[in-house]
Amino acid sequence: MAESANAGMAGAAATLGGRNGNEGLFLTSLFTALAVWLGLALGLSGLLGGLGDYAPWATILLPWIPLAVAAYAAFNMVRTHPGSVNFTGNRLRGYAIGWLVIAAVLLVIAVAGQPLKPVMDLLGKSGQIIVDFCADYGYFLAACCVLIAVGLLATGARDEASEAPGRVERTFVQKLTAKVSAIPMALVAIGVFTGGTIWTVIFSFTNSKLLPTTKWVGLDQYVRLWGEARWIISIKNLAIYGVCSLVLSLVIGFILAALLDQKIRFENTFRTILLYPFALSFIVTGLVWQWVLNPDFGVQQVVRSLGWTDFVFDPLYNQDIVIFGILIAGLWQGTGFIMCLMLAGLRGIDEDIWKAARVDGIPMWRTYLFVVLPMMRPVLITTLVIIASGIVRLYDLVVAQTSGGPGIASEVPAKYVYDKMFLGQNLAQGFAASTMMLLSVFIVLVPWAYLEFGGGKKNNE
Amino acid sequence: MSDATLAIEPSGPKPKPIFSRRNIIVYGSLIVICLYYLVPLYVMVVTSLKGMPEIRLGNIFSPPLEITFQPWVKAWAEACTGLNCDGLSRGFWNSVRILIPSVIVSIIIASVNGYALANWRFKGANIFFTILIFGSFIPYQVMLYPIVIILREIGLYGSLTGLVIVHTIFGMPILTLLFRNYFTSVPEELFKAARIDGAGFWGIYFRIMLPMSLPIFVVAMILQVTGIWNDFLFGVVYTKPDTYPMTVQLNNIVNSVQGVKEYNVNMAATIITGLVPLTVYFISGKLFVRGIAAGAVKG
Amino acid sequence: MQHSVSIKDLTLSFGNLTVLDSLNLDVSQGEFIVLLGPSGCGKSTLLNCIAGLLDVTGGQIFISGKNVTWTEPKDRGIGMVFQSYALYPQMTVERNLSFGLRVAGLPKAEIEQRVKRASEVLQIEPLLNRKPAALSGGQRQRVAIGRALVRDVDVFLFDEPLSNLDAKLRSELRVEIKRLHQRLKNTMIYVTHDQIEALTLADRVAIMKGGIIQQLDAPHTIYHKPVNLFVAGFMGSPSMNFISGKLARTDGGRFTADGVDWGLKGYEFGTTSGGEQGAVLGIRPEHFGVNGASESMPIQFEGEIEVVEPMGSDTVGWTSVGGSQIKFRVDSETALHVGDRVKLGFDPQRASVFDEQSGDRL
């Protein structure tokens, strides 16, 4: 009975990677503490800040809870490995000293922030930021560093006698560089992308005007949003622009790619010409086409001067078709890029397919349509997602070309969001509108993600 | 018929008549399409070289009778946005000041990220990366205001440094993906050999990976230079009129409601703004294509 | 005697997938061990564990008596040669060779001297100032070996070093590696899927499958006394013939199958269990005596030639016996014709008998 229990323990220890319980607990709780702290300090402090007077306390206290657990685990580790008290003989003392030094520096700045001010002022604005940072979080981070040092000493003492010397350096210390280097990425991923998105969604249920407030109003903002003519027009415009742009980009892009794929001469020249608009900003694109489509000087005037005096082509001044004027400019800017993607897809197709089609006597257009196109499915899906995510962002082009006019006839959601947030002093309306945009992207993104990643773990490493 | 079947031949030399029906169709349509693509550029240049009287009389496609560079000078140094009348030059220098640190910082961070992801796989890294990639599809509008709060908290809202941070953040997904895919394509054995030789995280990065990945750095640079130069939304949200980048200033000049519209000046200003990415595009050629394709096609 | 490399209960798993399972291996000082197996058998993984490029899940690795399970690769006293050469493309050959030494901060004179010695041994002195891109495959692999050589280590690890070379270069470098081993007398652990390399180079061969070493023995033993069906089938080309049937342990063993009843007198059984059991009889194609030569064999039978495959140096004929198709090898002078009858004979002493269920040698 005891034997089987021992075997079970050994198995559990093996699955833990040979770590005993205290070590596992120590690492887990330490990382939890740091993660909670990071999350609170960066993305969510604003959120909690809105929750009322208790929020600052919650922000400060929450990370200490897992840290206390880590301290308990560290205490146990020291107790089971008395050698860790023997500082001079410890194999990992160098690392431990490093962490203790960091802790000391943090503490000094945190405690003596004001007397140190002249020194910190030498660093300019960043000096002030460091002082503020340490005043807020110095104690917590110093405690973390001390615990890490203790943990290192304990494992150093344990390792001396253990069967796996060097394990801690390898798994914890040396891979730490890689982990530390990924901190900016983690901050952006968690703090900005996740935290920011959640923050916006949550505050879309408030009554924020000039500044974010936490006066909850439920779905009021959404009700108001869908009752507003401007938003409805924005959505309609986006739908028309989206469908047309999607279909036309794909069709034109594919035809252009197919033309370029004919082993023609001057392929590079043609491609350079077709792609150059993509290097230009939407602002430049919009302004150029605003000029070309100007009814008094542009295409309309030129055709009229050729004799067709009744010719009418003024999309930017006609409420009914203004969105197509924008579409012309958008397609001009973007189709070259789609063509490039398609061309890459075409070039990726096994040349034997063409030979087989030729042997079977299938005409070229049929081969393109029924053989090659289905084979390009991955490229098509990627292209589709890229076009779609670009459509939702449609903003600069409209601002440059029509500023939403005539009237509000060419408004789009992204412009609505900006105007409400930064011009209309109606933050929550902007949040609600951007949440709707997010929702629409999810509708596109989720099926794509399912197609790309859902069918098993073939993409995972 | 024989022409049609020959036409699907994608490779290999084959004697073909130059004026076959197929060639006329293919080249004819390509030339017509290219002309269409070139028209706006032509109109821009032509308009910017005309005087206003000539613009009012003639049509936009006719070449200038009398070439004048006055609009260019005015666009660069005199055009007004609101009360400022020092032309686009202010925006140009703002853009330069935004561009250089943004490109450098974002590429450094993203290349290290990509390297860590590709070669030093550790738990959790892929979660962050997945969030990052998904994040790149989220409409920026959702994250605009939270970033305003963060920048305000650290006292950088409205400054060029703030905009640099924003560009670094939003450049991160695509650049990290670019570098990760590149470093993944480097044979893993090279990395292993370097580890046996005793190089550590930074040693391998600086001494092995960096020297052999210069092309991808150029690609990333092209991507970032055009992307950041062409940005409008972040510029208008995170800077003040003093620090507006060029695109924002251009839009304000052209679309200002005050005064008489000077189309030649507007077009000159538009060309000047487009000149930087166009130069990058024409110089880099194939690398540009590779960059946007690499950024787009996931690996 | 102290082992040069010693692996104790090594386990490696990725999630639920166990790649290496409680693996034990002791390598003597100066020994040339070849890890051989089909792709995915864990042989390269094992080598990477020894090199310290993979974190093991359990068990220990000792090199020169030191527990190096968690030591960094550079501190293990190993040099490694990779299949794709893994030369740093932007460095010259000389810089490639000296990179590790420069990282370690060795004095310049020492580095120079070591590079010189290694390039002499491998005869790559004229290449020292070239970049890897300007080298042929064989030269590149020489440089890669040189990179391991300059490290002045006890143990060399080779990860399929010849697989990217064409057949001619492969045999040339194979001999060269053998010479190198005879000269340096280092311990070498060599991973390959090529059995010729294994048989020609190794002092001992470890045949692996599913993360487990099936048999660890001298090449001759592996070839002639395979411990189980897998090893028997894996080694040898053309591969061993297998005839399924029943084995009775009477009279020195009797093997019966569809239409055959052979006494296995002379076969040394390693196990003693009695009674009748399902068994597989394995005979290598070259162990058959054909026509005239068959008459001296203890067991003889006849068959009709079904297929003839001339191989150049010899010819392989196919026939059927005991319900199985078998192949036999004759020198290329012997004329075989499809449809002819052929007399075959073999000596049970040279055959192998396996348990049908477990596949183990009996």
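Colleague: How many residues does the contact take from chain B, and how many from chain C?
Modeller: Keep in mind that this is a predicted model, where local features need pLDDT of at least 70, side-chain atom pairs count only at pLDDT 80 or more, and totals for chains, interfaces and linings use all residues. Residues are numbered from 1 along each chain as its sequence is written, while chains are lettered from A and ligands numbered from 1 in the order in which they are written. Two residues are in contact if their C-beta atoms, placed from the backbone, lie within 7 Å. On that basis, chain B puts in 14 residues and chain C 17 residues.

Colleague: Which helix gives the most to the side of chain B that touches chain C?
Modeller: Helices here are DSSP runs of H or I with at least four residues, strands are runs of E with at least two, and both are numbered from the N terminus. Helix H9 (188-196) and helix H10 (201-212) of chain B each bring at least two residues to that side. With 6 residues, the top giver is H9(B).

Colleague: And by class, what does the side of chain B that touches chain C have?
Modeller: Ala, Val, Leu, Ile, Met, Phe, Trp, Tyr, Cys and Pro go down as nonpolar, Asp, Glu, Lys and Arg as charged, and the others, Gly among them, as polar. Sorted that way, the side of chain B that touches chain C comes out as 8 nonpolar, 2 polar and 4 charged residues.

Colleague: How many nonpolar, polar and charged residues does the contact of H5(B) with H11(B) have?
Modeller: On the H5(B) side you'll find B:Ile98 and B:Ser102 among others, and they meet a set in H11(B) including B:Phe217 and B:Trp229. By class, the contact of H5(B) with H11(B) has 10 nonpolar, 4 polar and no charged residues.

Colleague: Which helix of chain A provides the largest share of the side of chain A that touches chain B?
Modeller: This contact draws 83 residues from chain A and 77 residues from chain B. The chain A side splits into 55 nonpolar, 18 polar and 10 charged residues. Its largest share, 13 residues, comes from residues 183-203, which is helix H9 of chain A.

Colleague: Which strands of chain C stand at the edges of the sheet?
Modeller: In chain C, 6 strands make an open sheet of mixed pairing, ordered S6-S7-S8-S3-S9-S10; two strands pair if DSSP finds at least two bridges between them. S3 (residues 32-36) and S8 (residues 187-192), for instance, run parallel and share 5 bridges. Two strands have a single partner strand each, so one side of each lacks a neighbour in the sheet: S6 (78-81) and S10 (212-217).
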